[in-house]
Amino acid sequence: MLTAALLWAAATASAHMNYPIRPVRAVLRAEPGRTVVDLRTDSIIWIAEVLGAEDLPAPWPPEARERVESYVNAHLVLKAGDALLRGKLVQARHAQKPWESHEQGELRLRLVYPEVPAGSVLSGEARFFEEHRRELAEEGVARTADQVYRTELEVPGRAARRFTLVPEAPGFSLPAEEARRGPAAMAMEGLGAGAACALAAASAWPAVLALVL
């Protein structure tokens, strides 16, 4: 019995370490008065490694939000010139498809940072899951096809800029003026978001009526 238990524990530990790693998608918006970063990322490694839990609690307790906020600030480092910008986690949501199990799904996080001053240079580095990558490499564990350590960063500023950040080249940089979004661009985005919400609500009415009738 003891041998079987030890073998099971070793197999579980191996599976525990070899998570699928899919690219993190990030959108950074430099706005008047603040900087906003929206992240979309597979949830499994956040649940197991960042939170050390079996699943995500609902609603999230303060300590879970603090852990996620600290992890993002440590692994997505933003600067305005030489000044380090620290983000505040203001939204955290776990989205799942009906067929996904409790540890699957997608985390959708929003962090708000201080404003990027005019005339400065916005720069940063993304190193999500770096500890996990190094640990597997040190143990000689071969990377699988579904382990992609990459952050796809979009900066919809004066003109849309896209950066692919990988362990060998994790940094990006651009002038604040190019990253900054003006009131007109923000208003247009707000109108688009409002229209999308209205369309989604309208498409739901037939199902609601069917339930009522």
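A residue counts as buried when its relative accessible area is under 20%. By this criterion, 33% of the 213 residues of the protein chain are buried in the predicted model. The chain exposes about 12500 Å². Carbon and sulfur atoms supply 60% of that area.

The protein chain contains six helices and ten strands. Contacts were examined between residues at least 6 apart in sequence. Of these, 65% join residues at least 24 apart.

Charged side chains were examined next. Side chains of opposite charge can pair when their charged atoms come close. The structure holds 15 salt bridges.

Aspartate 38 belongs to strand β2, which covers residues 34-42, and arginine 110 belongs to strand β6, which covers residues 106-113. The pair therefore ties together parts that are 72 residues apart in sequence. How accessible are the two partners, aspartate 38 and arginine 110? Aspartate 38 has 16% relative accessibility and counts as buried, because the cut-off is under 20%. Arginine 110 stands at 24%, so this residue counts as partly exposed.

A second salt bridge links arginine 108 and glutamate 106 through their side chains. The N to O distance is 2.7 Å. Glutamate 106 is buried, at 11% relative accessibility. Arginine 108 is partly exposed, at 30%. Both residues also take part in a network of salt bridges. Arg25 and Arg40 are the other members of this network.

Glutamate 125 has a relative accessibility of 36%. For arginine 127 the value is 30%. Exposed residues need over 50% and buried ones under 20%, so values in between count as partly exposed. Glutamate 125 is therefore partly exposed, and arginine 127 is partly exposed as well.

In the pair of arginine 108 and glutamate 106, the glutamate is buried and the arginine is partly exposed.

Conventions:
Residues are numbered from 1 along each chain as its sequence is written. This is a predicted model: local features need pLDDT of at least 70, side-chain atom pairs count only at pLDDT 80 or more; totals for chains, interfaces and linings use all residues. Side-chain values use heavy atoms; hydrogens and water are left out. Helices (H or I, at least four residues) and strands (E, at least two) are DSSP runs, numbered from the N terminus. Buried means under 20% relative accessible area, exposed over 50%, partly exposed in between (1.4 Å probe, protein chains only). Contact means heavy atoms within 4.5 Å. Accessible areas come from the Shrake-Rupley method with a 1.4 Å probe; for residues, only the protein chains shown count as cover. A salt bridge is a side-chain nitrogen of Lys or Arg within 4 Å of a carboxyl oxygen of Asp or Glu.
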